[in-house]
Amino acid sequence: MKIFFSENSVDYSTYTFDYAIYCLKESQTELTEVYEKGFLPYTGNLGIEGDIFYLARSLRVDLERFEDTSENRRVNRLVEPLNVQLEVIKKEDFDLNSTEFVNFCQEYISQRIGDDNMSIERWQYITSRETGTHIFRFTSEGKLLGFVFAALNTEILHYWFAFFDIEYMRTHSLGKWIMWRVIRWAKDNDLKNVYLGTAYKASALYKIRDHKGLSFFDGSGWNKDIERLKELCKTDLESKVADEFKTLNDQNAFLKSLK
């Protein structure tokens, strides 16, 4: 893997000089290490041939600490009558161009994500990346309920993109259930961590409230202070005069804590 920095904004008034941090994955064997370092897949430019990752406030579940919450159990009770079947399929054994798969994903994109945020061309680019390895398919008595596109090896799983039936989301909290079900599958199959994407803004709080065993990448390591994470999410959209270190009340105390 190769890590590189890209110049971003400059604020001489506070001596703040930002860099975006990226990683080029050179081999699929590096997958665990890439996610462990806090990186997530970047797919904003469809012309990039390699698998590029960006450093961010990533969220993960430590499966050794994971256990079902009362909310997990409540949602599972809602879904139990559907008798949902789960298949985990290697990408090379799955027809990504099937009419069923393409139409289902397109319908979800139009209703939930928005064509401006996820064109079908971008979705096809994402599924072509080496990083993504498996499809989780959910059905009920032959009816398709949802898909999850994931990066998976013997140690980690990245819950990358999920597509599910909107009507069942309203009546059965299907989106919540699918995320929980994938995490539970990972634990039952002796994986170490499940990565749930970024944890920014109040819109990420549903992932944080619903699951135990969480930690977030804080720029230097994996932080288990979930109350701190919730506060960060709630204030992400507020304007900042400088980076967090410069606004600390006691910078010396922080520096001592690093020793």
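**Strands, rings and helix faces in a predicted model**

Tutor: Let us begin with two strands, S7 (residues 134-140) and S8, which run antiparallel and are joined by 7 bridges. The model is a predicted one, in which local features need pLDDT of at least 70 and side-chain atom pairs count only at pLDDT 80 or more, while totals for chains, interfaces and linings use all residues. Residues are numbered from 1 along each chain as its sequence is written, and side-chain values use heavy atoms, with hydrogens and water left out.

Student: What makes S7 and S8 a pair of strands?

Tutor: A strand is a DSSP run of E with at least two residues, just as a helix is a run of H or I with at least four, and both are numbered from the N terminus. Two strands pair if DSSP finds at least two bridges between them, and S7 and S8 have 7, so they qualify. Within this pair, Phe136 stands opposite Val148 in S8. The hairpin of S7 and S8 has 2 residues between the strands, and Glu141 there takes a positive phi near 50°.

Student: Why is S8 called mostly covered?

Tutor: Of the 10 residues in S8 (residues 143-152), 9 are buried, a word that stands for under 20% relative accessible area, whereas exposed means over 50% and partly exposed lies in between (1.4 Å probe, protein chains only).

Student: In what order do the strands of the sheet stand, and why are S6 and S12 called its edges?

Tutor: The open sheet has 8 strands in the order S6-S7-S8-S9-S10-S5-S11-S12, with mixed pairing. Strand S6 (85-90) and strand S12 (222-223) each have a single partner strand, so one side of each is left without a neighbour in the sheet. S6 pairs with S7 in the antiparallel sense over 6 bridges, and Ile89 stands opposite Ile135 in S7.

Student: How many aromatic pairs are there, and what makes Tyr12 and Phe17 edge-to-face?

Tutor: The search of the whole structure finds 26 aromatic pairs. The rings of Tyr12 and Phe17 are 5.1 Å apart, centre to centre, with 75° between the planes.

Student: Are Tyr12 and Phe17 buried, exposed or partly exposed?

Tutor: Tyr12, at 58% relative accessibility, counts as exposed, while Phe17, at 35%, counts as partly exposed. Another edge-to-face pair, Phe94 and Phe101, has 5.0 Å centre to centre and 80° between the planes, and both Phe94 and Phe101 are buried. Phe94 and Phe101 also belong to one aromatic cluster, whose members include Trp123, Phe149 and Phe161.

Student: How do you know that the buried residues of H3 lie on one side?

Tutor: Helix H3 (residues 99-113) buries Phe101, Val102, Phe104, Cys105, Tyr108 and Ile109. They cover an arc of only 165° around the axis, which puts them on the same side of H3; the arc is that of the directions from the helix axis to the C-beta atoms.

Student: Which residues of H8 are buried, and which exposed residues lie on the face turned away?

Tutor: In helix H8 (residues 226-235) the buried ones are Ile226, Leu229, Leu232 and Cys233. Their arc is only 110° around the axis, so they are on the same side of H8. The face turned away from that buried side carries Glu227 and Lys234, which are exposed.

Student: How many disulfides does the structure hold?

Tutor: It holds 0 disulfides, where a disulfide is a pair of cysteine sulfur atoms within 2.5 Å. Cys23 is buried, with a relative accessible area of 0%, and Cys233 counts as buried at 2%.

Student: What makes the phi of Asp190 worth a remark?

Tutor: Most residues other than glycine have a negative phi. Asp190 is not a glycine, although its phi is positive at about 65°. Asp190 is found in the loop between helix H6 (174-188) and strand S10 (193-198), and with a relative accessible area of 66% it is exposed.

Notes:
Rings of Phe, Tyr and Trp (its six-membered ring) pair if their centres lie within 6.5 Å; planes under 30 degrees apart count as stacked, over 60 as edge-to-face and the rest as tilted.
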